[in-house]
Amino acid sequence: MQTFDLATRGLRELNQTLHALRGTTNETAWEIVNAKGSHAIAVGVDAPLDITVRGSTGYYCAGMNKQATIRIDGNAGPGVAENMMSGRVIIEGDASQYAGATGRGGLLVIKGNASSRCGISMKGIDIVVHGSIGHMSAFMAQSGNMVVLGDAGDALGDSLYEARLFVRGSVKSLGADCIEKEMRPAHLAMLAELLERGEASHKAKPEEFRRYGSARKLYTFNVDNAAAY
Amino acid sequence: MCGIVGLFLKDKTLEPQLGALLAEMLVTMTDRGPDSAGIAIYGGADDGIAKITVQSVQPDVDFASLAADLGAAIGATVSLRRKSSHAVLEMPMNQLEAARAALSALRPDVKVMSAGDNLEIYKEVGLPKDVASRFEIAQMSGTHGIGHTRMATESAVTTMGAHPFSTGPDQCLVHNGSLSNHNSLRRTLVREGMTFETQNDSEVAAAYLTHKMKEGANLGEAMEASLSDLDGFFTFVVGTKDGFGVVRDPIACKPAVMAETDQYVAFGSEYRAMVNLPGIETARVWEPEPATVYFWNH
């Protein structure tokens with residue numbers, strides 16, 4: 001286990017150190033201490049590392065992650081795991097705005113609540129939120145899966161493309177072109193697997209969720225809908 | 001951008017440290033607003049003494065005989081405590097209005113930052129750390145306070161354009177965001193008798209709340225009404241003599257984090273503003289919900 005003290009060595013050295021581990025390394029276990037809400041912690045990692053951040057983080061922690069497992073032992077600030085490519089990001093506390101935004105792959109697990117715009121424009125990432133999510137979540141979400149054990153705020157899935165949304169609790173309102181869809185056996189199997197990977201299978205069962213998706217009326221331009229654009 | 005901080009103490013033993021805690025929070029938010037900074041501290045007790053915080057671009061000239069001149073004008077004892085470009089004038093509470101009127105006649109170029117029972121406001125252009133040390137904020141004690149670091153978008157980088165804005169006795173407001181209907185709202189408020197010092201959108205928000213409270217609303221009701229009447233982006237932190245409030249617009253894209261312990265309620269634009277508060281590790285930390293009013297009273 002390598003321990004990196006942000007208070008004494010600073011952010012630039014941290015990210016340079018982690019970036020230098022691209023390729024083969026035996027130094028796979030890292031602990032980052034004194035996070036203290038700093039921005040851009042462990043951004044752009046591209047190696048199969050196991051990183052634990054002690055404390056809460058500021059903007060953009062674990063952004064653009066590839067391969068690594070990054071655990072945040074606290075709350076995460078805005079834009080956590082933004083544009084993640086692969087790997088896993090696991091947050092023990094809450095996440096601020098636009099968690100997992102534009103994520104292309106990998107798994108984001110938020111054990112507390114996520115605030116507004118969670119998974120906005122997601123493009124293949126899987127997001128599992130143990131708590132609730134705020135308004136405008138999954139806005140223009142293109143692909144990937146979002147699983148919410150709690151409730152969803154206003155305008156869920158507005159202008160949705162082909163991402164799949166599973167919510168166990170209430171949905172305050174659905175956004176434009178987002179509708180409830182039938183939960184088929186294939187979806188239940190997928191949910192079971194997502195809950196397992198999202199460390200949530202002890203908290204919820206697939207049958208308790210409802211599925212939401214795109215009505216496909218908005219993004220495929222149809223002249224009959226012109227007034228709605 | 002802009003950075004906001006606020007600290008409302010529940011534990012009296014922390015009161016001597018209010019200025020030090022708030023100044024550190026303010027300086028941490030420098031990246032969000034390096035243009036100018038300001039801080040409002042609620043300090044004094046209910047002692048029948050009123051305070052007017054004033055600012056001058058030529059303090060040596062304006063403040064030289066101000067206490068004596070003002071005292072003679074209102075027929076009461078006035079004291080003056082100068083801090084750099086600002087000074088705090090103290091006089092009997094029942095002479096506050098007379099003192100304000102006399103002040104604008106005696107020193108028309110001196111600006112009033114705040115007036116009331118126990119509020120002092122210090123604000124200037126420059127880096128937050130310089131503003132904090134210039135006004136010796138870290139040495140101040142008090143019950144609650146708010147601060148602001150400014151990255152200007154809506155009006156010029158001047159002392160009067162800095163936050164906090166005070167538009168009523170012991171009232172002040174800091175704002176992160178930008179309002180889109182401030183010009184029409186300002187015209188309405190002017191017709192209702194409110195006066196304005198700047199073209200700044202945030203001053204309109206402060207005056208709006210003052211106006212609502214003049215009409216009888218409490219702080220919470222005034223902030224609730226702002227959600228329907230103000231258009232634009234905002235996170236506001238508001239102070240009154242004994243209260244402290246927070247409200248965000250329904251879109252809530254301007255960041256806000258709060259922390260509460262048995263000792264205090266704290267506000268920061270970012271969590272890192274609060275990392276050195278006592279007991280923050282075990283505090284309840286949350287983001288205020290959009291379009292939801294939060295307020296605390298002593």
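This is a predicted model: local features need pLDDT of at least 70, side-chain atom pairs count only at pLDDT 80 or more; totals for chains, interfaces and linings use all residues.
Residues are numbered from 1 along each chain as its sequence is written, and chains are lettered from A and ligands numbered from 1 in the order in which they are written.

Between the chains, twelve residues of chain A are in contact with nine residues of chain B (C-beta atoms, placed from the backbone, within 7 Å). The chain A side of this contact comprises one nonpolar, ten polar and one charged residues (Ala, Val, Leu, Ile, Met, Phe, Trp, Tyr, Cys and Pro count as nonpolar, Asp, Glu, Lys and Arg as charged, and the others, Gly among them, as polar).

Chain B is divided into domain 1 (3–46 + 126–297) and domain 2 (47–116), with bounds from an automatic or database domain assignment. Their C-alpha centres lie 24 Å apart. In chain B, 14 residues of domain 1 are in contact with twelve residues of domain 2; the domain 1 side has six nonpolar, three polar and five charged residues.

Also in chain B, helix H6 (residues 182–191) and helix H7 (residues 201–214) pack at an angle of about 40°, their axes 10 Å apart. H6(B) is therefore oblique to H7(B) (angles under 35 degrees count as roughly parallel, over 145 as roughly antiparallel, 65 to 115 as roughly perpendicular and the rest as oblique). Axes are lines fitted to C-alpha atoms, for helices over the stretch in contact, and angles run from 0 to 180 degrees between N-to-C directions. Helices are DSSP runs (H or I, at least four residues), numbered from the N terminus. B:His182, B:Leu185, B:Arg186 and B:Leu189 of H6(B) meet B:Asp201, B:Val204, B:Ala207, B:Tyr208 and B:His211 of H7(B). The residues of this contact of H6(B) with H7(B) comprise five nonpolar, two polar and two charged.

Methods. Helices (H or I, at least four residues) and strands (E, at least two) are DSSP runs, numbered from the N terminus. Two residues are in contact if their C-beta atoms, placed from the backbone, lie within 7 Å.
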